[in-house]
Every structure is written in structure tokens, then in C-alpha cells.
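Good morning, and thank you for making time for this item.

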Amino acid sequence: MEDEVDRLVAAWRRERPDLDVEPLEVLSRVSRLARHLDRARRLAFAEHQLEPWEFDVLTSLRRAGAPYQLSPGQLLTQTLVTSGTMTNRIDRLAKKGLVERLPDPTDRRGVLVRLTAEGRDRADQALAGLLDQERAILAQLSRAQRADLAALLRQLTAPFDNIPG
């Protein structure tokens, strides 16, 4: 079965036979798949009245385990945004009743961000919807193929995820 990347690669091989365009066969597909995944994620989140950034913050708190709270600094580390952006996000989620700010008992000046019951329910429901969307995307692959693909992608992403600083 031919896809758009096959056509793109064939055109470049015809137009620029002097270049090795083999990387396009993998990375253009990864890029296209990322766009399809982004659409699927947005659809899954929209069904639960969440934006992608809201899902990221809520699920960071949910993954922390009971009592589902983290410091703003811990949230920064997990979501890779600036402190100003995180403050704005916490404010907006608190206004929606999805998180609450609490004093940090170990630091008089610090705060903790805790998931509310509604925030936890919304995160859980959106995650279930996301997984349904992602299962549909991967439906053409067997369990073994998915495991192989995950291992290969891990090899590519691990060096980026483990850069100090």
C-alpha cells in the first residue's frame, strides 16, 4: 500500500538523485503521524471540555498518586513550560474548579497544587477517550508490531529525553 510519503520520496529521488532521501521515509511518516495524533488528541480532550495543556497539567497531578498534588516547580518539570505560563495555567484551572492551591506544610512560602474531585474525574475520562483514539490509530499493527515500534521509537527519543539541563 502506497502512502503520501512514498510519493514525496519518489519525487525527490527523481528531482534530486544526488541526495540520499532515505531519512524522509521514516521521519516524514513520524511527522505525519504526529499531526494525525495531535488531531485525535484534540478530539478526545474536546469531548471532555479540555484543552491539551489542561490535560497535561491534570494528568501530571493524577499520575502523582493520592493526594494528587505537586508543587508548581514539579509541574514545570513535567510539562516543560515557563513559570509564568504555569502560574497562568494553574489560575485558569483553579477558576474552573479542576485544581486548588494549598499551603505547602514544609515551606511557609510555598504552595501545592491539588487536583479536585472534578479535575480527577475529567482527567480520567479524557485519558480513556485518548486511549480509544490511540488504539484506533494503532489498530493496523499486531501486539508484537506495536512492541517493536515502541522499542525502535524509544531508541530514537531516549537521547533527547536524557539530555542534562
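In which loop is Y68 found? Y68 is in the loop between α3 and β1; helices here are DSSP runs of H or I with at least four residues, strands are runs of E with at least two, and both are numbered from the N terminus. This is a predicted model, in which local features need pLDDT of at least 70 and side-chain atom pairs count only at pLDDT 80 or more, while totals for chains, interfaces and linings use all residues. Residues are numbered from 1 along each chain as its sequence is written, and side-chain values use heavy atoms, with hydrogens and water left out.

Let me stay with that loop. Y68 has a positive phi of about 60°, although Y68 is not a glycine. P67 also has its place in the loop between α3 and β1. The peptide bond joining A66 and P67 is cis, with omega at about 10°.

I turn now to the sheet. It is open and has three strands in the order β1-β3-β2, with antiparallel pairing; two strands count as paired if DSSP finds at least two bridges between them. β1 (69-70) and β2 (99-104) stand at the edges with a single partner strand each, so one side of each is left without a neighbour in the sheet. Two bridges hold the antiparallel pairing of β1 with β3, residues 107-115, and L70 stands opposite V113 in β3. β2 and β3 run antiparallel and are joined by six bridges, with R101 standing opposite V113. These two strands, β2 and β3, form a hairpin with two residues between them.

Next, the helices. Helix α3, residues 52-63, lies across β1, β2 and β3 and runs at about 100° to β3; axes are lines fitted to C-alpha atoms, for helices over the stretch in contact, and angles run from 0 to 180 degrees between N-to-C directions. α3 also packs with α2 at an angle of about 75°, the axes being 9 Å apart. The two helices α2 and α3 are therefore roughly perpendicular, a label for angles of 65 to 115 degrees, where under 35 is roughly parallel, over 145 roughly antiparallel and the rest oblique. Here R41, R42 and F45 in α2 meet P52, F55 and D56 in α3, contact meaning heavy atoms within 4.5 Å. The residues of this contact divide into three nonpolar, no polar and three charged. By this count, Ala, Val, Leu, Ile, Met, Phe, Trp, Tyr, Cys and Pro are nonpolar, Asp, Glu, Lys and Arg are charged, and the others, Gly among them, are polar.

How do α4 and α5 cross? The axes of α4 (residues 72-79) and α5 (residues 83-95) come within 10 Å and cross at roughly 110°, which makes α4 roughly perpendicular to α5. P72, L75, L76 and T79 in α4 meet S83, M86 and I90 in α5. That contact holds five nonpolar, two polar and no charged residues.

Finally, the largest pocket. Its volume is about 960 Å³, computed as the space filled by probe spheres set on grid points joined across faces, edges and corners. A pocket is an open set of points on a 1 Å grid over the protein atoms alone, where a 1.4 Å probe fits, with protein on both sides within 12 Å along at least five of seven lines; lining residues have an atom within 4 Å of a point. Of the 28 lining residues, R29, V30, L33, L149 and L153 are the closest to the centre of the largest pocket. α2 gives the most to this lining, with 10 residues. The lining divides into 17 nonpolar, three polar and eight charged residues.
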